[in-house]
Amino acid sequence: MGKTVLITAIGSFAAEAVITSCRSQGFRVVGCDIYPAEWVVNSREVDAFYQAPCAADRAAWRTFLTEVCRREQADLVMPLIDGEVDALLDWPEAAGELGALVCMCSRDTGLVCRNKARLGQFLEQKKVCRVIPGRLLSEVLKDGAGRNYPLVLKPIDGRSSQGLRMVDNAREFSQAARMLEDLADRYLVQEKIPGMVVTVDVVRQPDTGACVCLPRRELLRTPNGAGTTVQVFRNTELEARCQAVAGALDIRGCVNFEFIEHGCTGEWYFLECNPRFSGGLPFSVLAGYDMVKNHVNCFTNRDLEPLEVTGSHCFARRYMEYRMDGTVTYAGGNP
């Protein structure tokens, strides 16, 4: 069999599409997740499965990942969720210690993307897209200036809308500020822009400068920001902006940009960059572009495939039930 890829967090939204694509490319697939195999349907789709410690426990997670890579002779590692991306960003020596190619953007790029305040300032200076001006909550509280409501308060390193707060007036702002007093240096305050979330799967090969962007409107989404019904579409102007942002950030591989499409003006306001596959990745694959294969291409000195998706297409996600009795840990236990 060909090379081996270790995919983390295989219970996440993107996992099935990632596993399927890697198999089609001839990879032997090893998967891990913080939950046991019988709780994770995708554990049945991999050649070996391991239950992982939470990446928040950096020492345990590093030891676990190193041992699995050694045991399974992994050639590539693909992290699927923010917590594990953050853990790898905190581990500059990861590739050398794992003996495997870590398929994610560079540490410098990742550290900018995972700090919403820093990212907004960076893009504002580069003038490659319209950003929503933001200030740290601690700064807003110090100057006591007037505020235009409604406002959005969110952690600068947040994920999946965790900790996000909407405030519609001064009373709600005061209540939120009191609750977040100890985190004021870690919260970003922005004006709330009315409109629909537009996410864009972006894959860039910096060696050639090639960049492919495929947008979708999130018609329905969960409270944690996962699209359940979307409209995949093409837009030359939006894609050009995404290419400019990806170039400014020196993106390698596949990431996801989020915008707000203003409900009145139609202008796109940049929200954030998720330096990993998006939860809506399967929609791009269904539309006709294999983001996972081209992500791998970016790390294996291959060219990006051309984007041939045209028109506008609506896709919806549903959930299915599986009986998991008797599901085993295919690797024969944890390291």
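Contact here means heavy atoms within 4.5 Å. In this predicted model, Cys22 is in contact with Val5, Ile7, Phe27, Val29, Met78 and Val292, leaving aside residues up to four places away in sequence. Cys22 belongs to the largest nonpolar core, which has 40 residues; together with Ile7, Val18 and Phe277, Cys22 touches the most other members. Two or more residues of this core come from each of strand E1 (4-7), helix H1 (15-24), strand E4 (76-78), strand E11 (210-221), strand E12 (227-232), helix H10 (281-287) and helix H11 (291-299). In soluble globular proteins, nonpolar side chains tend to be buried together.

## Parallel sheet

An open sheet is formed by five strands in the order E3-E2-E1-E4-E5, with parallel pairing. Strand E3 (48-51) and strand E5 (101-102) are the edge strands, each pairing on one side only. Helix H1 packs on the sheet and touches E1, E2 and E4, and the direction of H1 makes about 180 degrees with that of E1.

Four bridges join strand E2 (residues 28-33) to E3 in the parallel sense.

## Surroundings of Phe233

Phe233 is located in the loop between E12 and helix H9 (236-249). The relative accessible area of Phe233 is 5%, so this residue counts as buried, the limit being under 20%. Contacts of Phe233, again without residues up to four places away in sequence, are Val198, Leu214, Pro215, Arg216, Arg217, Leu238, Gly311 and Ser312. Phe233 and His313 are 80 residues apart in sequence, yet their C-alpha atoms are 6.5 Å apart in space.

## Salt bridges

The structure contains 24 salt bridges. One of them joins Glu67 and Arg70, with the closest N and O atoms 2.1 Å apart. Both residues lie in helix H2 (residues 58-72), three residues apart, or about one turn of the helix. Glu67 is partly exposed at 23% relative accessibility, whereas Arg70 is exposed at 53%.

Arg276 and Asp82 form a salt bridge at 2.7 Å, N to O. Because Arg276 lies in the loop between strand E14 (268-274) and H10 and Asp82 in helix H3 (residues 82-89), the pair ties together parts that are 194 residues apart in sequence. Both Arg276 and Asp82 are buried. Helix H3 also holds Asp86, which is 73 residues from Arg159 in the loop between strand E7 (151-155) and strand E8 (165-167); the side chains of Arg159 and Asp86 meet in a salt bridge of 3.7 Å, N to O. A network of salt bridges links Asp201, Arg216, Glu218, Arg221 and Glu258.

Methods: Residues numbered from 1 in each chain as written. Predicted model: local features only at pLDDT ≥ 70, side-chain atom pairs only at ≥ 80, totals over all residues. Heavy atoms only, no water. Core = buried A, V, L, I, M, F, W, Y, C linked by side-chain atoms within 4.5 Å. Buried < 20%, exposed > 50% of the residue type's maximum accessible area, 1.4 Å probe, protein only. Pairing = 2+ DSSP bridges. Axes fitted to C-alpha atoms, helices over the stretch in contact; angles between N-to-C directions. Salt bridge = Lys/Arg side-chain N within 4 Å of Asp/Glu carboxyl O.
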